[in-house]
Amino acid sequence: MLAGWSILLFSLAYLCLLFAIAYYGDKRADAGRSLIANPYIYTLSIAVYCTSWTFYGSVGRAASGGMDFLPIYLGPTLTFVLWGFLLRKIIHICKAHRITSIADFISSRYGKSALLGGLVTMIAVLGITPYIALQLKAVSISFNVLVNYPEVVMPPISSQVPVLRDTAFLVALLMATFAILFGTRHIDASEHHEGMVAAIAFESIVKLVAFLAIGIYVTFGLYDGFGDLFATAALTPRIGNLFTSSENSYGHWPTLILLSMAAIICLPRQFQVTVVENVNEDHIRKAAWLFPLYLLIINIFVLPIAIGGLLQFPDGGVDADTFVLTVPMAHRMEGLALFAFIGGLSAATGMVIVAAIALSTMICNDLVMPVLLRLNWRGLAERGDLSGLLLSIRRGSIVLVLLLGYAYFRFIGESAALVTIGLISFAAVAQFAPAMIGGMYWKGATRLGAILGLSLGFALWVYTLLLPSLAQSGWLPIGFIENGPFGIELLRPYALFGLSGLDNLSHAMFWSMIGNIGGYVLGSLMSRPGAIERIQAALFVDVPKRSGAFGSSSFWRGSATVADLRALLARFIGSHETDRVLNEYARGRGLNLGRLREADAALVSFVERLLAGAIGAASSRVMVASVAKGEVVGIEEVMKILDETSQVIEYSHQLEQKSRELELTTQELRAANDRLKELDRLKDDFISTVSHELRTPLTSIRSFSEILSDNPDLDPAERERFLTIVVKETERLTRLINEILDLAKMEAGRMDWQMIDIDPRSVIDDALAATGSLVASSSIVLKLEMDPWLPQVHADRDRLMQVIVNLISNAVKFCDHERGEVSILAGQLGGRLYIGVLDNGPGVPAGDRQIIFEKFQESRGPLVDKPRGTGLGLAISRQIVEYFGGRIWVEDAPDRGAAFCFTLPVSRTNAADRPALQSQEAL
Amino acid sequence: MSRKILVVEDEPNIVDSLSFLMKRAGFEVLIARDGDTAIRMMQSRPADLVLLDVMLPRRDGFEVCREIRANPDWKSVRIIMLTARGRDLDRRKGLQLGADDYVTKPFSTHDIIARVQKLLGPEDG
């Protein structure tokens, strides 16, 4: 027989154990040997997500909706697995700015707006109230069920008993006491509650083990494992239908998954344990898979217990939400039933304590303090130690939050299932998601947008979820739901603007998110962010880039005394703690604060951040401003300074640019000058070379003319020889002058080209005729190999002939003395006309093959005794061939000697001839 | 024994005319078509005067001049440089290297004979 007092005793003993763990955890933290600095404790503390909703409610939901309990766990799993980066960024931002709550986060992002912080706090408090009610309901029902052991009797409705004798009320007071003990023993600048985290981690283990114990008992104790259990269930049509009936559609799963994805980030208690209490950012990596694993394990036995309950109580007289407790009771498992109760208590306590602490911090920092400061901050500042006031505000807030929860439970929650109550809370906190996530990635998001979005979303949440829940409990006429307010059908809260066909929750989420996101985006686009907003936006969005010098978000211009700052800090966090942190700060920077009178901007910012941890960013700014003697740099001034700085930067940037351009220009000029000098040298060389080439034949002509004139006695043969030399040298001189003029004209582009389509065959024939006497005068064998058909080319006929004549004369000049042989090849090569002139002379050394096409550059091979040309023939030939779009080069002839070849593009008129040609060839 | 003149020149027609002129003036004429040959010939049969063209294949006239002046055995050898490049720069360079005279092409046949005779002085025997 379990008497009421023994259950109470067990419960108190368990809560005292939790408190002992918390106390020990705090002691260890003070000693610098943190109990919680590992990813496993961290993960277990995040498991505060699993409340009595999970412990009792999941089974209840499964008993009526099959797999419907599941999406609430899929959402967080997805967030942790896929959005680890998002969590890391939030944690990073919070650490950099000493953010202590989700209200602080959103207010800080949008320019440290006190209004926004208050709004978020209000939404959070109103939104979480049903959730706390849910816990109170679970604990009180489970207590009232257990107290009748071994009879399974559903307890009477609370509202029928007086408040002071209502179990739920007593539970609320008890929990408030413990939350106060856990969370508000002292003001911590960093708002870390290591002891509390340790206790939460412990209760996460207890609830898990308790739930597994029940599950194992049902599955393996009452039945022979899962197979037996499900087989038995299948025989009962009502249970089998749970998983096959079309009533349980999966249509609202996306809503539930999205909702819980947002909730795991936006629930104040999750923000508290995941972000604020995080001691090491790396822990999130392990938690990313450990936490989903915890969720998986705790959900394994939900269905078996639900089925076990349904089989045990087929008539439906027992609330499915109590199966975890009532199934062991029905089998007289006293110890197990008690363990189940403790597990449920554990789940509820954890949630209530963390939520109460988180909400009380928000109420104190973002609601009460800003109001107090605004109303009478000077009077407040004159008070000595404010840490006592802060603690009182927080303690009062905790009591208030729990009483609100109790009120909701007593007046509304009685009739609804646990899960339904919880989802209302989820929908409320999900309203934070757009402002929060948007604020981390969109710099353009503004305060107005956030306020508009949150207000609209919250208003629609109230209208489509909260008010209908009041109506269903009889606090509003039910006609409000059925016919709309004042009978306006279009405004029915479950079918707003005629939108029907969705479940109530999806419907509410649809409208509230449209209002929220729409207001957020439109408001942001339509308003211009203030200066401080812009700074904060940049700090939040670019957080990893800016953790260094620009990490502080305040701009102070000195002029606060160290003593004033010390006194200010001492008022909020106590003089002992103040001494400790300031000494630490001084040590870190090698300062002696004792001697320092004026605090520099860095110290003022440091104090502001410290205070932000205790009283929130917005209030901290006001407080520090009060001792900084109004010397906060006005934000316009900051922007001006930034503007001037950026102008200077821009100016110096331009200077740099200009100087780079100058340098570049100098380089270009130098290069151009070098090039000019080089050209000048080349021109000098050219003139000198031309002079040499002209003087050489002139020397012979003058010498022999004088010899002939001075020596009339010369014998006729010698006379004849000298005269021949004079004539030849005169011809050479003439040729040379012509070629120089030609080349000059070509290079200057003043050559008069007579471009026509030419049959190359006739040009080759004429060139052979022109060189006929030259060839005939030597013993050279001339061979001609021409394709039967040569493509026409577009060229100047005389110039093309000049090239061929040049090459033939060269070949004749350089071929073998005794058995000279010159071959002329003509054909096609790669769609071009090809003409090659081959000799069997010594050839051109590889190193000279480029240079011989330059002016006055003859191969200096073993050719000393060879007759000299003008040194311009090949240079002119190259100019001509290249003018026709062709290419000229020299290579080794197949046997020995040189092969001078050139190709020319064929003329376009050939295209018409080609088919005929091809058919000819084919034949 | 008549005095020897080495004509160093790669242009056949100019070699022809110089050798005709020098022979007519009573000198023995040796001919080299390039710088290397010129040095080899000096080693086997040293000349009294060298008519040295500047623009020679491979080793040019300046180098040949420097080499002749570097050898003490050839201290008394006279050198007249011939060039078709009429630049003062070349003229100065030739004289600095130790050439005795410098003649620009095209030259007057009377003038060049006079210069050779002047450098070698009246015939002793």
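Student: Before we start, what kind of model is it, and how is everything labelled?
Tutor: This is a predicted model, where local features need pLDDT of at least 70 and side-chain atom pairs count only at pLDDT 80 or more, while totals for chains, interfaces and linings use all residues. Residues are numbered from 1 along each chain as its sequence is written, and chains are lettered from A and ligands numbered from 1 in the order in which they are written.

Student: OK, chain B. How many helices and strands does chain B have?
Tutor: Five helices and five strands, where helices (H or I, at least four residues) and strands (E, at least two) are DSSP runs, numbered from the N terminus. Along the sequence, chain B reads β-α-β-α-β-α-β-α-β-α.

Student: And how much of chain B is buried?
Tutor: Buried residues are 40% of its 125 residues. A residue is buried if 20 or more other C-beta atoms lie within 10 Å of its own, exposed if 12 or fewer, and partly exposed in between, with C-beta atoms placed from the backbone.

Student: Why is strand 4 of chain B largely enclosed?
Tutor: Six of the six residues of strand 4 (residues 78–83) of chain B are buried, so the rest of the structure largely encloses that strand. In a regular strand the side chains alternate between the two faces of the sheet. Here both faces are covered: B:Arg78, B:Ile80 and B:Leu82 are buried on one side, and B:Ile79, B:Met81 and B:Thr83 on the other.

Student: Which strands pair with strand 4 of chain B?
Tutor: Strand 3 (residues 49–53) of chain B pairs with strand 4 of chain B in the parallel sense over five bridges, and B:Leu51 stands opposite B:Ile80. Strand 5 (residues 101–104) of chain B runs parallel to strand 4 of chain B too, joined by four bridges, with B:Val103 as the bridge partner of B:Leu82. Pairing here takes at least two bridges found by DSSP between the two strands.

Student: Let's switch to chain A. How many helices and strands does chain A have?
Tutor: Chain A has 35 helices and nine strands. Of its 923 residues, 46% count as buried.

Student: What's the strand order in its open sheet of five strands?
Tutor: The order is 4-6-7-9-8 (chain A), and the pairing is mixed. Strand 4 (781–786) and strand 8 (887–892) of chain A are the edge strands, each pairing on one side only. From one strand to the next, the twist averages 15 degrees.

Student: How do strand 8 and strand 9 of chain A run?
Tutor: They run antiparallel, with six bridges joining strand 8 of chain A to strand 9 (residues 898–905) of chain A. A:Trp889 sits opposite A:Cys901 in strand 9 of chain A.

Student: Where does helix 34 of chain A pack?
Tutor: Helix 34 (residues 873–883) of chain A packs on the sheet and touches strand 8 and strand 9 of chain A, its direction making about 130 degrees with that of strand 8 of chain A. Axes are lines fitted to C-alpha atoms, for helices over the stretch in contact, and angles run from 0 to 180 degrees between N-to-C directions. Contact between two residues means C-beta atoms, placed from the backbone, within 7 Å.

Student: Is that helix mostly covered or mostly open?
Tutor: Mostly covered, with nine of the eleven residues of helix 34 of chain A buried. Among them are A:Leu874, A:Ile876, A:Arg878 and A:Ile880. Just after helix 34 of chain A, A:Gly885 has a positive phi of about 85 degrees.

Student: Now the cores. Which residues touch the most other members of the largest nonpolar core?
Tutor: A:Ile106, A:Ala179, A:Cys266, A:Ala306 and A:Ala427, in a core of 202 residues. A nonpolar core is a set of buried Ala, Val, Leu, Ile, Met, Phe, Trp, Tyr and Cys residues joined through C-beta atoms within 7 Å. Helix 17 (residues 334–382) of chain A gives the most to this core, with 25 residues. A second, separate core of 42 residues includes A:Phe814 and A:Phe884.

Student: Last one: how many residues does each chain bring to the contact?
Tutor: Chain B brings 19 residues and chain A brings 18 residues. On the side of chain B that touches chain A, helix 1 (residues 12–24) of chain B gives the most, with five residues.
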